[in-house]
Amino acid sequence: MANQPVEIPVVAGKRAWRAVLLVGLLVWVLAAGVTAVTDDEILIPTLFLIGSFLVPITVVTFALARLDDCNLTTSVVLTGFLAAGTIGVVVSAVTEIYLLPTGAGPVGNALGFFGVGLIEEVSKGAVLVAVAWRLRERTVHGGMVLGATVGAGFSAFESTGYAFYAYVQHTDDHPELNILQTEVTRAMLAPFGHLTWTALLGGALFAATARANGGFRFTMRVGWTLAGVAALHGIWDATYGWAIWMTQGITGSGWVADWPDGSYWEEVPTPRELWVFHVMYDAALALNALVGIIWVVRSWRHGARPAKHPRP
């Protein structure tokens with residue numbers, strides 16, 4: 001009888017995330033400096049990858065080091081990260097193109113934002129279920145960490161696409177600077193977006209199936225969690241347009257009864273309008289992130305409680 005391959009659990013030290021962040025940040029800055037000085041376009045992919053992957057991988061390393069009630073194997077972690085960033089991103093993009101409305105107007109814009117949120121969260125949830133199907137050990141903490149890993153993969157590959165778009169748009173206008181600006185912004189927001197939302201969904205899925213015989217169950221908690229994270233996702237995406245809409249109303253340009261989108265500036269914004277916009281936009285994102293953080297902390301603490309087995 002052939003020997004079965006041994007699955008090796010992922011082990012991360014409590015301070016390993018600091019080394020990942022500092023070393024990665026040093027290499028990122030060095031690559032950006034060398035690229036700017038030498039104009040060597042061969043280094044552009046290095047900027048894409050390091051800048052887009054650094055924070056997601058750092059957060060995953062931080063989370064894995066705090067997982068003490070479930071063993072996630074190396075193959076599961078890597079598969080979840082890569083599958084979410086490739087299959088998950090591609091499937092969600094195709095689905096959004098063919099299913100979401102493209103017409104303008106309040107209804108079309110609203111369905112677009114919240115439709116994207118639902119489609120992407122379902123896509124990441126499907127990847128999570130697929131890679132965790134054969135896991136024998138399922139805990140809330142394990143689901144949250146694996147969910148964060150899946151969200152990290154989706155976020156990293158998506159950010160690479162945004163960085164590439166910034167490069168294409170500014171090939172003749174300091175592309176390195178525009179790449180860095182895009183990646184710094186997305187890196188700062190990464191822990192509070194896809195990683196948070198999929199961690200919450202993963203915790204709910206694992207909580208519902210911790211004592212199941214292999215399969216996954218769709219419970220009320222899973223349904224409400226999916227609805228909640230999709231709503232947070234949709235609100236996050238709609239924040240940019242809403243901040244423009246509120247800025248124009250506050251600064252005297254007038255209130256318009258419409259669901260705004262990201263191209264809602266009617267004229268070139270003034271410095272005052274830009275200042276108000278950034279205040280409104282940053283405050284809205286901070287509030288959204290705070291809701292997600294509180295939800296994650298409560299779910300993590302709740303997951304540490306002993307499970308209550310029903311009486312026979």
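This is a predicted model: local features need pLDDT of at least 70, side-chain atom pairs count only at pLDDT 80 or more; totals for chains, interfaces and linings use all residues.
- Mean pLDDT for the protein chain is 85, and 86% of its residues get to 70 or more.
- Residues 307-312 are another story, with pLDDT below 50. Leaving aside near neighbours in sequence, that stretch has 3 contacts in the model.

**The chain as a whole**
- Of the 312 residues in the protein chain, 45% are buried.
- Take the contacts with a separation of 6 or more: 76% of them come from residues 24 or more positions apart.
- The accessible surface of the protein chain is about 17300 Å², and carbon and sulfur atoms hold 67% of that.

**Salt bridges**
- The count of salt bridges comes to 2.
- Side chains of opposite charge can pair when their charged atoms come close.
- Arg186 pairs with Glu158, and their closest N and O atoms sit 3.0 Å apart. This pair ties together distant parts of the chain, with Arg186 in helix 6 (residues 175-189) and Glu158 in helix 5 (residues 140-169), 28 residues apart.
- Glu158 counts as buried because its relative accessible area is 17%, under the 20% cut-off.
- Lys124 pairs with Glu121, with 2.9 Å between the closest N and O atoms. Both residues belong to helix 4 (residues 106-132), where they are 3 residues apart, or about one turn of the helix.
- An α-helix has 3.6 residues a turn, so residues three or four places apart point the same way.
- Lys124 and Glu121 are both buried.

**Helix 7**
- Helix 7 (residues 194-209) has 16 residues, and at 1.5 Å a residue it should span 22 Å. Its end C-alpha atoms are 22 Å apart, so the model agrees with that.
- Because 15 of its 16 residues are buried, helix 7 is largely enclosed by the rest of the structure.

**A nonpolar patch on the surface**
- Val90, Val94, Ile97, Tyr98 and Leu99 make a nonpolar surface patch of about 590 Å².
- Leu99 is found in helix 3 (residues 74-99). With a relative accessible area of 63%, Leu99 is exposed.

Conventions
Residues are numbered from 1 along each chain as its sequence is written. Side-chain values use heavy atoms; hydrogens and water are left out. Patches are made of residues with over 30% relative accessible area and no salt bridge: like charges are joined within 9 Å, nonpolar side chains (Val, Leu, Ile, Met, Phe, Trp, Tyr) within 5 Å. Accessible areas come from the Shrake-Rupley method with a 1.4 Å probe; for residues, only the protein chains shown count as cover. A salt bridge is a side-chain nitrogen of Lys or Arg within 4 Å of a carboxyl oxygen of Asp or Glu. Helices (H or I, at least four residues) and strands (E, at least two) are DSSP runs, numbered from the N terminus. Buried means under 20% relative accessible area, exposed over 50%, partly exposed in between (1.4 Å probe, protein chains only). pLDDT is the predictor's confidence in each residue, from 0 to 100. Contact means heavy atoms within 4.5 Å. The expected span of a helix is 1.5 Å times one less than its number of residues.
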